[in-house]
Amino acid sequence: MPPLTASSASSLARACTRQTLALPRTLAVTTSAQQLRAKSSSETAQTSSFDSPFGRSKESPSTLKIPNFGKYASPRNATSNKVFSYFVAGSMGLITAVGAKATVQDFLVNMSASADVLAQAKVEIGLNSIPEGKNVIIKWRGKPVFIRHRTASEIAEAENTNWEGLRDPQPDSDRVKKPEWLVMLGVCTHLGCVPIGESGDFGGWFCPCHGSHYDISGRIRKGPAPLNLEVPQYDFPTEDTLVIG
């Protein structure tokens, strides 16, 4: 390494001197800035109007403040408030129940049968006009009804039949309320045709559509029909009156 000249040595000495003088000044400025920031933070924490419900943290100041809703609180006690709340809830429940009842009632009234339909629901027949051994056909709810005034021989035949071996086993006593009066729907149980009375192989009814034969009690005896002729709901309010329905 070549020896330093006098000018180079002088320049190096001046640079070292400047750095030595600048270092304390820089340290002083840095220290002053830190002190100012700490002072500012302390003043801010002391003058803050925000209070945390969880207490003030020592590490960092809190800026959270919970508002006070005390002026909105009811001046009455808790019991009075509960009574009022229960009264309002009960009143609303009562009003709702009344409205629901009225709605359901109106709906059921609108869905109920009209007067003309109710008039067809029951049919009253005078039995004095039906001679013994004859059939009468009436219309009830759009269907034919057979009414047969049976003779004593017909009653005996219906009761003495071995009904246990029939396709649809049913004794004659289960199909009539009075032995002399047989009431049935005139609809074949096969495909809904109307059988012909006083005909067939068993002296009862015969369906010419597919050849079903019914006896004097309306029980199926021959042919494709699976069941006996249906017996509707009926009653005898008097000795000479029949009400169907």
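**Close-up 1. Antiparallel pairing of β5 with β6.** Strand β5 and strand β6 (residues 205–207) pair in the antiparallel sense over 2 bridges, where two strands pair if DSSP finds at least two bridges between them and where strands (E, at least two residues) and helices (H or I, at least four residues) are DSSP runs numbered from the N terminus. Isoleucine 196 has phenylalanine 206 in β6 as its bridge partner. The two strands belong to an open sheet of 4 strands, in the order β5-β6-β7-β8, with antiparallel pairing; its edge strands, each pairing on one side only, are β5 (196–197) and β8 (220–222). This is a predicted model, in which local features need pLDDT of at least 70 and side-chain atom pairs count only at pLDDT 80 or more, whereas totals for chains, interfaces and linings use all residues. Residues are numbered from 1 along each chain as its sequence is written, and side-chain values use heavy atoms, with hydrogens and water left out.

**Close-up 2. Two loop residues with positive phi.** Glutamate 198, in the loop between β5 and β6, has a positive phi of about 55 degrees although it is not a glycine. With a relative accessible area of 47%, glutamate 198 is partly exposed (buried means under 20% relative accessible area, exposed over 50%, and partly exposed in between, with a 1.4 Å probe and protein chains only). Arginine 141, also not a glycine, has a positive phi near 55 degrees and is placed in the loop between β2 and β3.

**Close-up 3. The largest nonpolar core and the surroundings of isoleucine 125.** A nonpolar core is a set of buried Ala, Val, Leu, Ile, Met, Phe, Trp, Tyr and Cys residues joined through side-chain atoms within 4.5 Å. The largest one has 15 residues, of which Ile125, Ile138, Val145, Ile147, Leu242 and Ile244 touch the most other members. At least two residues of this core come from each of β1 (123–126), β2 (135–140), β3 (143–149), β4 (181–185), β9 (234–238) and β10 (241–244), and β4 gives the most, with 3 residues. Leaving aside residues up to four places away in sequence, isoleucine 125 touches Ile130, Ile138, Ile147, Asp240, Thr241, Leu242 and Ile244, contact meaning heavy atoms within 4.5 Å. A second, separate core of 12 residues includes Phe146, Met184, Cys193 and Ala225.

**Close-up 4. Phenylalanine 84 on helix α2.** Phenylalanine 84 lies in helix α2 (residues 78–111) and, at 48% relative accessibility, counts as partly exposed.
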